Amino acid sequence: MSNDVVVVIALIILVGLFSMQRYGTDRVGWLFAPVVLIWFLSIGTIGAYNIYEHNPKVLRAFSPHYIVKFFKRGKKRNWVSLGGIMLSITGTEALFADLGHFSSLAVQIAFTVLVFPCLLLAYTGQAAYLTKYPSDVSEAFYRSIPDCVYWPIFVVATIAAVIASQATISATFSIIKQSVALGFFPMVKVVHTSKQFPGQIYIPEINWILMILCLAITAGFKSTTQIGHAYGIAVVAVMLVTTILMTLIMLIVWRSNILLVAIFTLTFLFVEMVYFSAVLFKVGQGGWVPLVIAGVFLIVMCVWHYGTVKKYKFEMQCKVPMAWILGLGPSLGLVRVPGIGLVYTDLPRGVPPIFSHFVTHLPAIHSIVVFVCVKYLPVTTVTPEERFYVKRIGPKNLNMFRCAVRYGYTDLHKREDDFENLLIKSLTQYVHQESLIHSISYSSDEDEETGEPFNAESTNVSQCKVLSETELCGLSSASITSDVSLETFPVSRSEVRFSIPSEASTVDSTISDLQYLINCRDAGIVHIFGNTIVRARRDSNFIKRVAVNHIYAFLRRICRENSVIFNVPHESLLNVGQVFYV
């Protein structure tokens with residue numbers, strides 16, 4: 001089979017692999033573990049056979065004595081050959097992706113008991129075979145396979161290669177998703193391919209970019225040698241970065257003993273720098289590819305993060321003071337139209353500048369205004385019970401609220417999740433419980449105005465009657481009556497002393513507030529987003545102007561909008577344009 005035919009077959013397999021990503025691996029995922037297990041056991045068994053059959057003396061290579069003799073004999077030429085030896089440990093970088101789906105103990109057992117011994121036997125067996133047939137060095141693996149099992153091993157090897165590629169693709173999707181959550185990558189579409197396993201996702205944009213890059217590299221190089229050089233540099237670079245980051249974690253997070261940190265860092269860096277110095281000779285022979293790709297992604301991540309941070313700081317400086325809002329009076333000096341306005345902002349405190357920009361040009365606002373701040377926290381996940389945090393802004397007659405929506409960096413926005421209804425449900429629960437709290441006159445040794453936000457979910461009221469959760473979920477303007485079912489909060493251990501008003505007045509106050517909220521909800525909900533354009537000031541340097549005015553602006557145009565991520569219907573969407581100069 002000629003090399004061109006092999007390249008064509010490889011391209012067809014790549015196109016098929018990336019085209020199938022949209023369907024996920026849920027249905028065929030159960031095959032992955034058995035196939036990989038068969039693969040490792042097969043190459044380990046063949047390696048042991050080759051050692052026994054061709055040259056058992058090859059086991060002497062484990063002695064350090066021969067390593068010293070190897071470098072003395074070849075010097076620089078043998079030193080450069082370490083770059084090729086790196087290919088024997090490619091695949092270990094998948095360990096870092098596996099840690100996101102398996103426990104560290106499971107990965108340690110798999111690598112120690114199965115992967116490492118089988119790889120040692122496989123490569124040692126190939127070395128034993130080459131001592132007898134040195135001319136087969138270019139195809140040592142397939143030439144060393146006994147004829148009776150050649151085709152079964154060929155099929156298993158092809159399937160194992162596809163599975164390994166799938167693992168890399170899935171890891172890329174997970175990394176990009178977490179980078180988006182942490183603010184280091186533009187918003188992209190995330191598709192959930194499995195209802196059973198939430199971690200199985202598909203990102204169309206990244207999938208097609210990877211496919212184009214893989215096809216270009218395969219068709220451009222047409223040789224596993226140059227691809228191997230590129231792969232070797234990528235693997236060593238990953239190991240170096242991992243060691244450096246691990247050192248920071250040991251110092252900052254774990255606060256380990258400085259001597260232990262020094263031993264760990266020096267030991268690993270010494271080994272990795274030896275291999276890194278060898279693979280640097282391969283940069284001109286295909287090794288430049290991962291460096292260029294990594295450089296492009298680094299520029300994208302840095303520019304996006306820089307622009308996002310600058311935009312956030314500008315909004316913080318230009319936010320509207322609460323005193324200005326209070327000075328406008330109960331109607332905010334505007335026409336209050338029926339409905340609920342959800343104003344999305346990145347600010348966890350204060351009124352965003354897009355709100356003042358909006359009411360300045362259109363002096364009308366909804367009866368209820370909710371400032372929605374979606375934040376990704378540096379934690380893996382946030383429970384649904386802690387997702388929404390609601391508080392009131394200003395006096396009650398302003399009808400202004402703030403809702404912080406919190407996600408972890410592994411939490412996913414599912415299409416079946418009705419974000420709007422979940423938010424309104426949380427607002428309803430808050431208004432209901434707040435009405436009960438404010439209808440109770442209380443005395444305490446502390447000041448009444450503590451400055452702390454009111455948390456409807458964590459507030460415990462002694463012997464207060466509240467609506468059941470089922471009724472809160474199904475409230476409508478027709479269901480607000482005085483015949484609501486009641487249940488009792490658990491008794492709190494708070495030192496605050498409550499005096500309980502009459503049950504009728506408490507229920508009437510609660511019903512009135514809920515009736516107003518439900519009427520506004522039935523009138524309509526509008527999602528207000530800021531369509532912000534960030535521009536560099538005229539006195540900025542050339543690099544900043546290019547980064548902000550061109551690269552960041554381009555990324556903003558092609559990235560996915562929040563309105564799409566939260567499944568906001570187009571008829572309920574309102575964009576407010578504004579230009580920021582940073």
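In this predicted model, E434 is buried, at 2% relative accessibility. Its salt-bridge partner is R392, with N and O 2.7 Å apart. R392 is buried too, with a relative accessible area of 14%.

The structure holds six salt bridges in total. Another of them joins D346 to K311, at 3.3 Å from N to O. D346 sits in the loop between β3 (335–345) and α15 (353–361), and K311 in helix α13 (residues 288–318), so this pair ties together parts 35 residues apart in sequence. K311 is buried at 9% relative accessibility, whereas D346 is partly exposed at 30%. Together with E315, K311 and D346 form a network of salt bridges. A further bridge pairs D539 with R537, at 3.6 Å. Here D539 is exposed, at 63%, and R537 is partly exposed, at 42%.

Helix α1 (residues 3–19) has 17 residues and spans 24 Å, close to the 24 Å expected. Its residues V7, L14, L17 and F18 are buried. They cover an arc of only 90 degrees around the axis, which puts them on the same side of α1. Their cover includes α9 (150–181) and α10 (204–221).

Helices α11 (224–253) and α12 (258–279) each supply at least two residues. The largest share, eight residues, comes from α11. I252 is exposed, with a relative accessible area of 57%.

Definitions and conventions
Residues are numbered from 1 along each chain as its sequence is written. This is a predicted model: local features need pLDDT of at least 70, side-chain atom pairs count only at pLDDT 80 or more; totals for chains, interfaces and linings use all residues. Side-chain values use heavy atoms; hydrogens and water are left out. Helices (H or I, at least four residues) and strands (E, at least two) are DSSP runs, numbered from the N terminus. Buried means under 20% relative accessible area, exposed over 50%, partly exposed in between (1.4 Å probe, protein chains only). The expected span of a helix is 1.5 Å times one less than its number of residues. The arc is that of the directions from the helix axis to the C-beta atoms. Contact means heavy atoms within 4.5 Å. A salt bridge is a side-chain nitrogen of Lys or Arg within 4 Å of a carboxyl oxygen of Asp or Glu.
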